[in-house]
Amino acid sequence: MEKVILDGRLVAKNITERLIDRVKDLKSNGVTPCLATILVGDDPSSETYVKMKGNACERIGINSLRIHLPKETQTEDLLKVIEELNQDNSVHGILLQHPVPSHIDERKAFESIDIEKDVDGVTSTGFGQTAFGFGKFPSCTPAAIMEIINFYKLPVKGKHAVVVGRSPILGKPVSALLLNENATVTTCHSYTTNLPEMLMQADIVVAAVGKPNFIKGEWIKKGAVVLDAGYNKGNIGDVDYEGCFEKAGAITPVPGGVGPVTISMLLKHTVDAAESTIKYS
Ligand code: NAP
């Protein structure tokens, strides 16, 4: 099999191109999709992510409402802001940038997002729907991973997928999505005692660890599909790309892999959310 570099920029372009006409249609019906982003505090990486998301909205004609709250913001203040956005009919998607400062109850804040506007699948209802297989808005990075798999027509049914990481926004939902597509899924975490052995059995590897260059080439089975969701300082993924490249049958680079598709999925979910307001009002 020829080795494939899974080009996230190409997948993202394909998704956003299809959105442009849908945005035009919505506008001609008097609706401009709007994504509200909430950033609490001044973490430079989070600031960059939020800026990238806002800019991506503007590139396809979607409004972005950027709310930047001071790091001293309390949970109750944040809940009030989210409630206002829930009530605002001109806002179709709400994204609370993770992580928020540690004194804030992040789970409570996520849970307060209206399910119809939960375009990043952060509520427990959204997660539950994803797990049951009928969710409208799975978390964007897991959704991006599935988009890459679908774009390149990579086989999933009956394959053994090993996901490294079990966070609520990434490891757990991507495990659920792969399971829904009939993969046999193993989800690993920091208490997994035999990670290299697990990975050696994997036809599909999803790296969602948050540790630069963590997944080594010698842990990968020849021909495996390697999807690196990691994004660490200095544009470094969770996969040791050089080491894994030789063994993998298909691999996402960092940057230019999962990241750009994640942003496109956020745009897609916001457009989907805006369209449902027309259909059901
Ligand atoms: P997270 O909440 O910190 O979760 C990391 C997971 O990795 C945890 O489940 C943890 O296990 C597990 N882990 C840590 N050390 C491990 C080890 N030695 N062996 C096996 N598992 C281990 O991180 P996250 O938010 O899911 O993000 C993961 C990565 O994805 C980060 O690099 C982040 O920047 C990136 N990310 C990228 C995008 C994108 O758009 N591309 C979006 C979101 C996140 P425990 O549960 O046992 O602690």
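1. By class, the shell around the ligand comprises 9 nonpolar, 10 polar and 3 charged residues. The structure is a predicted model, and every value below should be read as computed from it.

2. Which residues come nearest to the ligand? Of the 22 residues around the ligand, they are Arg 166, Ser 167, Ser 190, Ala 229 and Tyr 231.

3. On the backbone side, a polar atom of His 189 is 3.4 Å from a nitrogen atom of the ligand, and a backbone N or O atom of Ala 229 lies 3.3 Å from a ligand oxygen atom. Ala 229 is also one of the residues that come nearest to the ligand. From a side chain, an N or O atom of Asp 238 is 3.5 Å from an oxygen atom of the ligand. The ligand taken alone exposes 930 Å², of which the protein buries 72%.

4. Two domains are assigned in the protein chain: domain 1 covers 30-114 and domain 2 covers 140-259. Their C-alpha centres lie 28 Å apart.

5. The buried positions are Gly 171, Pro 173, Val 174, Ser 175, Ala 176, Leu 177 and Leu 178.

6. What do the buried residues of α7 pack against? Their partners include two helices, α5 (124-132) and α6 (140-151). They also pack against the strands β5 (160-164), β6 (184-188) and β7 (204-207). After α7 comes Asn 182, which has a positive phi, near 70°.

7. Val 206 lies in strand β7, one of the elements against which the buried residues of α7 pack. Is Val 206 buried or exposed? Val 206 has a relative accessible area of 0%, and is therefore buried, the cut-off being under 20%.

8. Neighbours within four places in sequence aside, Val 206 is in contact with Ile 145, Val 162, Val 163, Val 164, Val 174, Leu 178 and Leu 227. Among them, Val 174 and Leu 178 are buried residues of α7. As a general point, an α-helix has 3.6 residues a turn, so residues three or four places apart point the same way.

9. For a pair separated in both sequence and space, take Val 206 and Leu 78: they are 128 residues apart in sequence, and their C-alpha atoms are 33 Å apart.

How values were computed: Residues are numbered from 1 along each chain as its sequence is written. This is a predicted model: local features need pLDDT of at least 70, side-chain atom pairs count only at pLDDT 80 or more; totals for chains, interfaces and linings use all residues. Side-chain values use heavy atoms; hydrogens and water are left out. A residue is near a molecule or strand if one of its heavy atoms lies within 4 Å of it. A polar contact is a pair of N or O atoms within 3.5 Å; within protein, one must be able to donate a hydrogen and the other to accept it, and residues adjacent in sequence count only if both atoms are side-chain atoms. Accessible areas come from the Shrake-Rupley method with a 1.4 Å probe; for residues, only the protein chains shown count as cover. Ala, Val, Leu, Ile, Met, Phe, Trp, Tyr, Cys and Pro count as nonpolar, Asp, Glu, Lys and Arg as charged, and the others, Gly among them, as polar. Buried means under 20% relative accessible area, exposed over 50%, partly exposed in between (1.4 Å probe, protein chains only). Helices (H or I, at least four residues) and strands (E, at least two) are DSSP runs, numbered from the N terminus. Contact means heavy atoms within 4.5 Å. Domain bounds come from an automatic or database domain assignment.
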